[in-house]
Amino acid sequence: MRNQGSKPEQDGQVDQIKAQIEENLKRVYQSALVEEVPDRFKLLLQQLKDKEALRDEVQR
Amino acid sequence: MNLAVAADIDPRDQLVEHLRPLRAFAISLTRNVTAADDLVQETILKAWAGIDKFQRGSNLQAWLFTILRNTYYSSLRKSRREVADPDGVHAATLSVKPDHDGRMAFTDFLRAFDALSDEHREVLILVGASGFTTDEAAAMMGVAAGTVKSRASRARKRLAHLLGLAEGEGMFSGIDAVTDAVIGRAAAAME
């Protein structure tokens with residue numbers, strides 16, 4: 001038998017579950033956000049910049 | 001004066017500041033660090049080459065996120081993973097009940113999150129977790145704001161189903177009726 005009554009403590013639990021889902025979603029992103037970014041990406045940006053500088057020099 | 005200075009800054013020099021959120025988005029979207037890093041690399045290359053298309057003074061992070069998600073979806077279309085399950089690879093319900101103290105374990109939550117479709121993961125991360133507004137997410141996803149809202153709502157509901165928090169799934173037979181009713185209403189309230 002399903003209890004369809006809307007008791008105050010049940011509403012509290014519903015809100016709690018919803019809040020936990022939101023909280024966990026934030027945690028998925030946040031836990032990825034605190035990860036150290038591998039050096040290869042900063043290196044890649046530096047390489048792109050160097051290449052550009054070299055090209056500009058050649059064109060001058 | 002300040003505006004002139006800001007306009008003088010090459011946005012390419014600012015890319016490095018966005019690596020962390022960009023990679024976090026990629027990891028959240030692909031749920032696979034190797035795939036995420038490949039995606040970040042491709043996004044950097046595209047952003048660098050196409051920097052003239054970036055409108056100075058607009059949101060650089062949103063622009064990068066847009067490139068990343070477009071790259072991801074076009075690579076998905078190309079490879080069209082051989083999975084005949086559009087709702088997710090692991091569409092089976094996981095049956096996760098909150099612990100007796102009412103908290104759901106994060107590992108269980110991750111399993112459910114991983115089982116969502118890419119579109120559902122994307123909308124929940126963009127709107128719910130990374131703090132973009134509905135309008136910003138709509139612009140990134142190339143859809144109307146109303147579509148973002150309805151997709152987010154469906155995604156939450158799907159997530160609740162995967163977590164076994166849905167009504168009428170019979171996951172909780174043997175569990176007291178009050179708990180059953182509560183989780184059923186929690187799922188219904190996601191709509």
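This is a predicted model: local features need pLDDT of at least 70, side-chain atom pairs count only at pLDDT 80 or more; totals for chains, interfaces and linings use all residues.

Residues are numbered from 1 along each chain as its sequence is written, chains are lettered from A and ligands numbered from 1 in the order in which they are written, and side-chain values use heavy atoms, with hydrogens and water left out.

**Stop 1**

Switch to cartoon view. Chain B has 9 helices and 0 strands, where helices (H or I, at least four residues) and strands (E, at least two) are DSSP runs, numbered from the N terminus. Along the sequence that reads α-α-α-α-α-α-α-α-α. Of its 191 residues, 49% are buried; buried means under 20% relative accessible area, exposed over 50%, and partly exposed in between (1.4 Å probe, protein chains only).

**Stop 2: colour by confidence**

Now colour chain B by pLDDT, the predictor's confidence in each residue, from 0 to 100. The mean for chain B is 81, and 70% of its residues reach 70 or more. Select helix α3 (residues 33-49) of chain B, where confidence is highest at a mean of 97, then helix α1 (residues 2-8) of chain B, where it is lowest at 56. Also pick residues 82-95 of chain B: pLDDT stays under 50 there, and the model has 26 contacts beyond four places in sequence for them. Residues 167-175 of chain B stay under 50 too, with 16 such contacts.

**Stop 3: helix α6**

Select residues 118-129 of chain B. Just after α6(B), click B:G131, which takes a positive phi of about 85 degrees.

**Stop 4**

Show helix α7 (residues 134-141) and helix α8 (residues 145-162) of chain B. They pack at an angle of about 100 degrees, with their axes 8 Å apart. Axes here are lines fitted to C-alpha atoms, for helices over the stretch in contact, and angles run from 0 to 180 degrees between N-to-C directions. α7(B) and α8(B) are therefore roughly perpendicular to each other (under 35 degrees is roughly parallel, over 145 roughly antiparallel, 65 to 115 roughly perpendicular and the rest oblique).

In the loop between α7 and α8 of chain B sits B:V143. Buried or partly exposed? B:V143 is partly exposed, with a relative accessible area of 26%. Not counting residues up to four places away in sequence, B:V143 touches B:A138, B:V148 and B:R151.

**Stop 4: B:F54**

Jump to B:F54, which is buried, with a relative accessible area of 7%. Which residues is B:F54 in contact with, leaving aside neighbours within four places in sequence? They are B:P11, B:N59, B:L60 and B:W63. B:P11 is 43 residues away from B:F54 along the chain, yet their C-alpha atoms are separated by 8.3 Å.

**Last stop: chain A**

Finally, select chain A, with 2 helices and 0 strands. Buried residues make up 28% of its 60 residues.

Notes: Contact means heavy atoms within 4.5 Å.
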